[in-house]
Amino acid sequence: MSLSPSPTKTVRAPRREGRALHKGQHTKAVIIDAALGLATHIGLEGLSIGALADVTGMSKSGVFAHFGSREELQISVIREYHTRFEQEVFYPAMQAPRGVPRLRALFANWMKRTSIEIDSGCIYISGAVEFDDRTGPVRDALANSVMTWQAAMKRAIQQCKECGEIRDDVSEDQMLFEIHGLILALHYEARFLHTPGSIDRANTGFDNILARYSALPGHRG
């Protein structure tokens with residue numbers, strides 16, 4: 001007796017498996033999207049299999065089957081957030097010329113996203129509060145995501161120096177620290193204190209940083 005599948009099974013089985021795989025991926029994407037929506041409002045720690053089952057209309061076992069654990073669910077949400085952050089902030093800015101134009105584009109896109117998140121929440125910021133004194137894969141995934149973004153910003157600053165637009169003696173780490181500080185201050189002022197004009201002040205702060213470190217004539221520093 002031959003162990004090879006019949007021609008009929010060879011044709012049909014992959015199609016059934018393909019449809020099942022596609023459906024499973026779609027369902028998982030729906031769950032992650034719902035989880036991301038919840039996490040931006042209640043934090044990563046507020047996520048639960050039960051809450052997602054209620055939101056998606058699925059059974060708890062159905063949600064659990066796609067992740068296996070709450071920890072895996074949280075990591076999936078972090079990865080999805082990072083993917084969307086790249087698509088909205090990083091990749092569009094890569095169309096700008098290297099140097100200050102690209103750094104400005106990165107900050108402008110970051111500010112655009114931040115202005116929206118003032119009404120919902122930023123997983124990078126809320127997650128830092130939730131996991132700052134913890135260890136484990138969720139914290140590692142969150143920290144790695146933030147550090148990946150910081151590395152991209154730092155590279156943009158280095159390119160400004162290579163283009164002769166930022167002074168050679170400027171520390172990339174210091175400049176990145178100050179730019180990142182503007183975003184953190186904006187969230188605190190706008191989201192927590194509801195201080196009017198916070199976005200304008202953050203933009204002015206960025207312009208001040210560029211002017212202070214500029215190597216171009218007509219700028220301070």
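1. Let's start with contacts along the chain. In this predicted model, 66% of the protein chain's contacts with a separation of 6 or more are between residues 24 or more positions apart.

2. As for secondary structure, the protein chain has nine helices and zero strands. Reading along the sequence therefore gives you the pattern α-α-α-α-α-α-α-α-α.

3. On burial and surface, 39% of the 221 residues in the protein chain are buried. The protein chain exposes about 12400 Å², and 56% of that comes from carbon and sulfur atoms.

4. Next, the interior. In soluble globular proteins, nonpolar side chains tend to be buried together. Here the largest nonpolar core has 58 residues, and Val77, Leu103, Trp110, Met175 and Ile179 are the ones with the most contacts inside it. Helix α7, residues 137–162, gives the most to this core, with ten residues.

5. Setting aside neighbours within four places in sequence, Val77 is in contact with Ala35, Leu36, Ala39, Leu44, Leu47 and Ile123. One of these partners, Ile123, also belongs to the buried residues of helix α6, which brings us to the next point.

6. Which residues are buried in helix α6 (residues 123–131)? They are Ile123, Tyr124, Gly127, Glu130 and Phe131. Because these residues cover an arc of only 125 degrees around the axis, they sit on the same side of α6.

7. Now for a loop residue. Met58 lies between α2 (49–56) and α3 (60–67), and its relative accessibility of 26% makes it partly exposed. The cut-offs explain the label: partly exposed is the range between buried, under 20%, and exposed, over 50%. Leaving out neighbours within four places in sequence, Met58 is in contact with Thr27, Ile31, Ala53, Val63 and His66. Thr27 is 31 residues from Met58 along the chain, and their C-alpha atoms are separated by 10.0 Å.

8. Is Phe192 buried or exposed? Phe192 counts as exposed, because its relative accessibility is 54% and the cut-off for exposed is over 50%. You will find Phe192 in helix α8, which spans residues 172–192. Together with Tyr188 and Leu193, Phe192 makes a nonpolar surface patch of about 340 Å².

Definitions and conventions. Residues are numbered from 1 along each chain as its sequence is written. This is a predicted model: local features need pLDDT of at least 70, side-chain atom pairs count only at pLDDT 80 or more; totals for chains, interfaces and linings use all residues. Side-chain values use heavy atoms; hydrogens and water are left out. Patches are made of residues with over 30% relative accessible area and no salt bridge: like charges are joined within 9 Å, nonpolar side chains (Val, Leu, Ile, Met, Phe, Trp, Tyr) within 5 Å. Accessible areas come from the Shrake-Rupley method with a 1.4 Å probe; for residues, only the protein chains shown count as cover. A salt bridge is a side-chain nitrogen of Lys or Arg within 4 Å of a carboxyl oxygen of Asp or Glu. Helices (H or I, at least four residues) and strands (E, at least two) are DSSP runs, numbered from the N terminus. Buried means under 20% relative accessible area, exposed over 50%, partly exposed in between (1.4 Å probe, protein chains only). Contact means heavy atoms within 4.5 Å. The arc is that of the directions from the helix axis to the C-beta atoms. A nonpolar core is a set of buried Ala, Val, Leu, Ile, Met, Phe, Trp, Tyr and Cys residues joined through side-chain atoms within 4.5 Å.
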